[in-house]
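Please open the structure in your viewer and keep the selection tool at hand.

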Amino acid sequence: MDFQSDLSPYLHFGQLSPLDIIEEVKDAEDGYALRALVTQRKKLTGTEVNLADFLEELIVRRELGMNFCYYNDDYDSFACLPTWAKATLLNHLQDPRERQYSLSDLENAATDDPYWNAAQKQMMNTGKMHNYMRMYWGKRVLAWFENVEEAYEVLVYLNNKYSLDGRDANSYAGVAWCFGKHDRPWAERDIYGMVRYMNANGLKRKFDMKVYLQKVESGDVR
Ligand SMILES: Cc1cc2nc3c(=O)[nH]c(=O)nc-3n(C[C@H](O)[C@H](O)[C@H](O)COP(=O)(O)OP(=O)(O)OC[C@H]3O[C@@H](n4cnc5c(N)ncnc54)[C@H](O)[C@@H]3O)c2cc1C
C-alpha cells in the first residue's frame, strides 16, 4: 500500500509543479530517486512497471480534474453529475440500505466495515489515504445514506477536512467519480443503480488487507 508518490499535497500547495516533476522523471540521472519511487508504486497492483501510467495520472487525470472544476459551476455537489448517473441513483432511492450512519459515526470511524474504518483512520491520522482506498471509501458512503445528495456532501466534507491534498480540483473530481462522473454505466444493481460498485472482495484481491489493518492500527502507514 505504500507504493505511491505522495506528491499530491506538494502539488496542491504549489510547492512542486507538475512540469518540474515531469522534467525530473525524464532525466534518468538526476531523476533517479523519483524514477525508483514511480517504479516501486506499480508493485501495488502487480502489473508491469510503467512510468507512462504515472505520467498519465499526473498529466491527464489531474488536468481532467482542473477542467471539470473550471467548466462546471456545480463541481462540488450532486448536481454536477451526468444525467444518466443522477437518474439511476435517484431511481434507487427507495432501495433498503443495509446500514445507515451519521456524520459523527463516520468521523469516529465507527462503521461495521473494518476496511472503511481503517481508511478513515489513515486519512485522519496522516492526512493521506491510498488512491484505491479512496475509491472504496467513497463508494461505501454512497450506500449508507438514504439521501444520496447528503452522502455526496458528507464525502466532500470529510475529504476536504482531513486530507492534506483536500480542497483541490482533484478532490471534487474524485468524489464525483464515486458517483459516476468520468465513468460509464455498469450493470444495474440495488442502491448504486448503474454507477460502478466496489466491494471488499476487490480490496482483498489487490492487497493484503490484514497487513493494511495492522499498519493503520500501529500507526505504521504513511
Ligand atoms: C474519493 C476520492 C477523493 C479524492 N480526493 C483527492 C484530493 O483531495 N486531492 C487530490 O489531489 N486527489 C484526490 N483524489 C485523486 C487521487 O486519489 C489522488 O490524486 C492520489 O491518491 C494522490 O496521491 P499521490 O500523489 O501519492 O498519487 P500518485 O498515484 O503518485 O499520482 C501522482 C499524481 O497524479 C495525480 N493523480 C493520481 N491519481 C489521480 C486521479 N485519480 N485523479 C486525478 N489526479 C490523479 C495527482 O496529482 C497525484 O499527486 C481523490 C480520489 C477519490 C476517488
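The stops below cover a pair of helices, several salt bridges, backbone angles and one lysine. Please bear in mind that this is a predicted model.

**First stop: two helices**

Two packed helices are described by the angle between their axes and the distance between the axes. Select helix α2, residues 18-26, together with helix α4, residues 51-71. Their axes come within 11 Å and cross at roughly 165°. An angle over 145 degrees counts as roughly antiparallel, and α2 and α4 are therefore roughly antiparallel to each other. The crossing of this pair, α2 and α4, is left-handed.

Now display the side chains where the two helices touch. Which classes of residue make up the contact of α2 with α4? There are nine nonpolar residues and one charged residue, with no polar ones.

**Second stop: salt bridges**

Side chains of opposite charge can pair when their charged atoms come close. How many salt bridges does a search of the whole structure find? The search finds seven, and three of them are visited here, one after another.

Select Asp6 and Lys128, whose side chains meet in a salt bridge at 2.9 Å, N to O. This pair links distant parts of the chain, 122 residues apart. Asp6 is in the segment before α1 (8-12), whereas Lys128 is in the loop between α7 (114-126) and α8 (131-142). Are Asp6 and Lys128 buried or exposed? Both Asp6 and Lys128 are buried.

Next, select Arg99 and Asp112, where the side chains form a salt bridge of 2.8 Å, N to O. Arg99 lies in the loop between α5 (83-91) and α6 (103-107), and Asp112 lies in the loop between α6 and α7, so this bridge ties together parts that are 13 residues apart in sequence. Arg99 has 38% relative accessibility and therefore counts as partly exposed. Asp112, at 40%, also counts as partly exposed.

Then move to Asp113 and Arg140, which meet in a salt bridge of 3.0 Å, N to O. Because Asp113 is in the loop between α6 and α7 and Arg140 is in helix α8, the pair ties together parts that are 27 residues apart in sequence. Asp113 is buried, with a relative accessible area of 4%. Arg140 is likewise buried, with a relative accessible area of 9%.

Most residues other than glycine have a negative phi. Return to Asp6, in the segment before α1, and inspect its backbone: phi is near 60°, a positive value in a residue other than glycine. The relative accessible area of Asp6 is 18%.

Now select Arg167, in the loop between α9 (148-162) and α10 (169-178). Arg167 is not a glycine, yet its phi is positive, at about 60°. This arginine, Arg167, is partly exposed, with a relative accessible area of 40%.

Select Lys204 in helix α11, residues 200-206. At 45% relative accessibility, Lys204 counts as partly exposed. Which residues are in contact with Lys204, leaving aside its neighbours within four places in sequence? They are Tyr115 and Met209. Draw a line between the C-alpha atoms of Lys204 and Tyr115: the two residues are 10.0 Å apart in space and 89 residues apart in sequence.

Technical notes: Residues are numbered from 1 along each chain as its sequence is written. This is a predicted model: local features need pLDDT of at least 70, side-chain atom pairs count only at pLDDT 80 or more; totals for chains, interfaces and linings use all residues. Side-chain values use heavy atoms; hydrogens and water are left out. Axes are lines fitted to C-alpha atoms, for helices over the stretch in contact, and angles run from 0 to 180 degrees between N-to-C directions. Helices (H or I, at least four residues) and strands (E, at least two) are DSSP runs, numbered from the N terminus. Angles under 35 degrees count as roughly parallel, over 145 as roughly antiparallel, 65 to 115 as roughly perpendicular and the rest as oblique. A crossing is left-handed if the near helix is turned anticlockwise from the far one by less than a right angle, and right-handed if clockwise. Ala, Val, Leu, Ile, Met, Phe, Trp, Tyr, Cys and Pro count as nonpolar, Asp, Glu, Lys and Arg as charged, and the others, Gly among them, as polar. A salt bridge is a side-chain nitrogen of Lys or Arg within 4 Å of a carboxyl oxygen of Asp or Glu. Buried means under 20% relative accessible area, exposed over 50%, partly exposed in between (1.4 Å probe, protein chains only). Contact means heavy atoms within 4.5 Å.
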